[in-house]
Amino acid sequence: AFYHCDDLTKAEIPDSVTSVEAKAFAHTPWIEQFQEGRREGEEDSDFLISGGVLVAYRGDSAEVTVPEGVRVIAGEAFADHEEITKIVLPSTLQTIDDRAFAGCRLMDVEYTGDTLSQEFLEETVSVQTLSGAPETGNKRIPIYAWVLAGIFLIGGCLCIFKERY
């Protein structure tokens, strides 16, 4: 949507946004300055977050914990971070967009929430792959959903899935 907007130095994403596709803000000063660590007057963080949307990551840790309050992980937010082997996702997470972890070497994905709504499971199949993903009421998540979810979540990255019943 804003690809290569050469004058875009800041974006405030509203809470109503539920999805941000890959490269939506690519080649903008907002992303480039963040990636290079040149964002003056802003909190020093490895996460670029606006309106609960995690747009980009610039860290280099093997284990990454996404901050509470993140509702959406944008497409390619963690792309090509080969060093990441484990990701811990917050209970506030609602959507993981396509290719969010493309090029990562994930071996473990953990979800910190207690419950997932059936609606969330149906709309965001990728969350069903999370290790420690809770039951939905007294229903178990079917094995085929775990397999499909693994394909959609990682987009080629390796994951180890754990079921907790």
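Glu-21 lies in the segment before helix H1 (29-35); helices (H or I, at least four residues) and strands (E, at least two) are DSSP runs, numbered from the N terminus. The model is predicted: local features need pLDDT of at least 70, side-chain atom pairs count only at pLDDT 80 or more, and totals for chains, interfaces and linings use all residues. Residues are numbered from 1 along each chain as its sequence is written, and side-chain values use heavy atoms, with hydrogens and water left out.

**Glu-21**
- With 48% relative accessibility, Glu-21 counts as partly exposed (buried means under 20% relative accessible area, exposed over 50%, partly exposed in between, with a 1.4 Å probe and protein chains only).
- Leaving aside residues up to four places away in sequence, Glu-21 touches Gly-75 and Asp-97; contact means heavy atoms within 4.5 Å.
- Glu-21 and Ala-1 are separated by 20 residues in sequence and by 8.6 Å in space, C-alpha to C-alpha.

**The sheet**
- Four strands make an open sheet in the order E1-E2-E4-E6, and the pairing is mixed (two strands pair if DSSP finds at least two bridges between them).
- Strand E1 (47-50) and strand E6 (95-96) stand at the edges with a single partner strand each, so one side of each has no neighbour in the sheet.
- Strands of a sheet pair through backbone hydrogen bonds, either parallel or antiparallel.
- E1 and E2 are antiparallel and share four bridges, with Ser-50 opposite Val-53 in E2.
- These two strands, E1 and E2, form a hairpin with two residues between them. Gly-51 in that turn has a positive phi of about 60 degrees.
- E2 and strand E4 (residues 72-73) run parallel and are joined by two bridges; here Val-53 stands opposite Val-72 in E4.
- E2 is mostly covered, since five of its five residues are buried.

**Nonpolar cores**
- The largest nonpolar core has 19 residues, of which Val-66, Ile-73, Phe-78, Ile-87, Leu-89 and Phe-101 touch the most other members. A nonpolar core is a set of buried Ala, Val, Leu, Ile, Met, Phe, Trp, Tyr and Cys residues joined through side-chain atoms within 4.5 Å.
- Strand E2 (53-57) and strand E5 (86-89) are the elements that give two or more residues to this core.
- Another core, of 15 residues, lies apart from it and includes Leu-8, Trp-30, Val-55 and Val-72.
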